[in-house]
Amino acid sequence: MRNRLTSLILGLVPVLAFSSVLLAQTSVQSGATTAQVPAATPDLSGVWTLHPPASARAYALYTFSPDVPPMTPWAEAKFQANKPGYGPRAVAETNDPVNPTSGEGIGCFPPGVPRIYLQPFPMEIVQIPGRVIMLFEYGHFVRQIYTDGRKHVDDLAPTWMGDSIGTWDGDALVADTIGFNDKTWLDRAGHPHSEDLHVVERIRRVDRNTLQDDITIDDPKAYTKPWKGQEVFQLKPTWNLMEMVCEDNVNFLGVQKLTKQPGK
């Protein structure tokens, strides 16, 4: 009898303890009428692929907007020297630093931001505390957007992908990127930029399967006013990023050209 009573008492201890905790939590919740509960961070994670709406498909594979702001003389000279493989000025023999066909360029240089969105390969967004990470299938480039409250450092060295910090504004991630070099094109149509390039993006999930990126490009050395554009992506929940090595593609294209030559 004593053993059964002891067992009953021991069995009630954790139940009573749990009940006390539950009552305490209920009291805090009911009494904390003025406390503010932090909003949940929007979830942008997933594998995404470029999926422009019908209204943008005429240009969305090579640029961000049909309206390009007027260029400064400095940028106009560079624009005329660029020979893109896409867009209204496309030529067969290009000097595109990402995928040249003229034989005069090495190619496979990083596309930079925001051009990397236009490469026809998916990207994956991964979120961890204090950081949003973009993994691009093209060249396996990585972009890190820090959301831990830090600021841009004062002595940034010019880089291909820039230095990105992010803040949450409602359901949107606002990504602010500076610190670029001037070796990339803004898009596949050959629009140049300087090291003064400043890119601001509002990235949000319109619905479960749609990601929208509103892009503002500000570069007073190259353009007389900011250039606004937009990209839309579709969720691919069953996709994984695959291996894509640009240098191998270049070699493959070279082999293709040789095999098409007479006598080969």
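**Aromatic pairs in a predicted chain**

Guide: In this predicted model, one aromatic cluster is formed by Tyr-117, Phe-136 and Phe-233.

Visitor: How many aromatic pairs does the count give?

Guide: The count comes to 6 aromatic pairs, taking ring centres within 6.5 Å as the rule. In one of them, Phe-121 and Tyr-138, the ring centres are 5.6 Å apart.

Visitor: Why is the pair of Phe-121 and Tyr-138 called tilted?

Guide: Their planes stand at 45 degrees. Stacked requires under 30 degrees and edge-to-face over 60, so the pair is tilted.

Visitor: What parts does this pair tie together?

Guide: Phe-121 is in the loop between helix 2 (73–81) and strand 2 (123–128), and Tyr-138 is in the loop between strand 3 (131–136) and strand 4 (142–146), so the parts tied together are 17 residues apart in sequence.

Visitor: What makes Tyr-138 buried?

Guide: Its relative accessible area is 5%, and buried means under 20%, so Tyr-138 is buried. Phe-121, with 27%, falls between that limit and 50%, so Phe-121 is partly exposed. Across the chain, buried residues make up 36% of the 264 residues.

Visitor: How do you know that Arg-89 lies over the face of Phe-79?

Guide: Arg-89 is 4.1 Å from the ring centre, and the distance limit is 6 Å, with a further limit of 35 degrees from the ring normal. Arg-150 likewise lies over the face of Tyr-146, at 3.8 Å from the ring centre.

Visitor: Which elements does the chain have?

Guide: The chain has 3 helices and 9 strands, running α-β-α-β-β-β-β-β-β-β-β-α from the N terminus.

Terms used:
Residues numbered from 1 in each chain as written. Predicted model: local features only at pLDDT ≥ 70, side-chain atom pairs only at ≥ 80, totals over all residues. Heavy atoms only, no water. Helix = DSSP H or I, 4+ residues; strand = E, 2+ residues; numbered from the N terminus. Buried < 20%, exposed > 50% of the residue type's maximum accessible area, 1.4 Å probe, protein only.
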